[in-house]
Amino acid sequence: MSLHDENRLREQIATLGKSLFDRGLTMGSSGNISVRTDDGGWLMTPTNACLGRLDPGCISRLDRDGHWKAGDKPTKESFLHMAMYAERPQSEAIVHLHSTHSVAVSCLPGIDPCDCIPPLTAYYVMRVGKLPLVPYHIPGDPSLGDAVKGLAGQHSAVLLANHGPVVAGKNLEAAVYATEELEETAKLFLLLQGKNPRILSPEQVVELEKRFPKA
């Protein structure tokens, strides 16, 4: 990867991270972003970094084996990203947030662990699809990576119980859009609790999946 291309990706991570932060989708030093580089390595937001105040030059650089090579120390949740990438060679970026409404859904009793949010809208199906729930693990527990890896091959997004979503995309912009769609649909799902909403039929879901395959 050329230095120009790497700097462009660093700037994009900082710009989109600030956008997510400014709109309240992440707070404090929570949340992390990664992008796959052309040489098989990764750019990843640093540990304890605020997505609203990222310095592009300090973003972590990891090699193809996941070893930290440059920039600030990478997020302590880097193993979540590596677990997703290991099962999704077609995905070029991952966003992990502790976004309020998505976390709220992950705390609800009685949600379907195979599909936490029903297909309320076409864009949710197109950008997120089925959303499995990963059982609760203490943050930083390496076994959480194994749990994510077991689902990532079939799903572009997973929801960590009492924690938040991990979303992959064909590029960083797509991963951010899918994360935003998930958060807005989680909000709809909470608003519609107890109201027996009309959802898309299985046939409608299949048609959308055929027309709009996800990375």
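User: How much space lies in the second largest pocket?

Analyst: The second largest pocket holds about 200 Å³ of space, a volume being what is filled by probe spheres set on grid points joined across faces, edges and corners. A pocket here is an open set of points on a 1 Å grid over the protein atoms alone, where a 1.4 Å probe fits, with protein on both sides within 12 Å along at least five of seven lines, and lining residues have an atom within 4 Å of a point. This is a predicted model, in which local features need pLDDT of at least 70 and side-chain atom pairs count only at pLDDT 80 or more, while totals for chains, interfaces and linings use all residues. Residues are numbered from 1 along each chain as its sequence is written, and side-chain values use heavy atoms, with hydrogens and water left out.

User: Which residues line that second pocket, and how do they divide by class?

Analyst: Its lining consists of Arg88, Val128, Gly129, Lys130, Gln154, His155, Ser156, Glu209, Pro213 and Lys214. By class there are 2 nonpolar, 4 polar and 4 charged residues, where Ala, Val, Leu, Ile, Met, Phe, Trp, Tyr, Cys and Pro count as nonpolar, Asp, Glu, Lys and Arg as charged, and the others, Gly among them, as polar.

User: And the largest pocket, what volume does that have, and which residues are closest to its centre?

Analyst: About 300 Å³ lies in the largest pocket, and of its 15 lining residues Met126, Arg127, Lys170, Ala174 and Lys214 are the closest to the centre. Helix H4 (122-127), strand S8 (164-169) and helix H6 (172-191) each give two or more residues to the lining, with H6 supplying the largest share, 5 residues. Helices (H or I, at least four residues) and strands (E, at least two) are DSSP runs numbered from the N terminus. This lining divides into 9 nonpolar, 2 polar and 4 charged residues.

User: Switching topic: is strand S1 buried or exposed?

Analyst: S1 (residues 32-36) is mostly covered, with 5 of its 5 residues buried, that is, under 20% relative accessible area, against over 50% for exposed and partly exposed in between (1.4 Å probe, protein chains only). Asn32, Ser34 and Arg36 are buried on one side, and Ile33 and Val35 on the other.

User: Which strands does S1 pair with?

Analyst: S1 pairs with strand S5 (residues 93-96) in the antiparallel sense over 4 bridges, and 3 bridges join S1 to strand S2 (residues 42-44), also antiparallel; pairing requires that DSSP finds at least two bridges. Asn32 stands opposite His96 in S5, whereas Ser34 has Met44 in S2 as its bridge partner. The hairpin of S1 and S2 has 5 residues between the strands, and there Gly40 takes a positive phi near 95 degrees.

User: What does the side chain of Asn32 contact?

Analyst: The side chain of Asn32 makes a polar contact of 3.2 Å with that of Thr75 (N or O atoms within 3.5 Å, one able to donate a hydrogen and the other to accept it, with residues adjacent in sequence counting only if both atoms are side-chain atoms). Thr75 sits in the loop between strand S4 (68-70) and H2, and is buried because its relative accessibility is 5%. A polar atom of the Thr75 side chain also lies 3.0 Å from the backbone nitrogen of Glu77.

User: How many aromatic pairs are there?

Analyst: A search of the whole structure finds 1, a tilted pair of Trp42 and Tyr85 with 5.6 Å centre to centre and 45 degrees between the planes. Rings of Phe, Tyr and Trp (its six-membered ring) pair if their centres lie within 6.5 Å, and planes under 30 degrees apart count as stacked, over 60 as edge-to-face and the rest as tilted. Trp42 belongs to S2 and Tyr85 to helix H2 (residues 78-87), so the pair ties together parts that are 43 residues apart in sequence.
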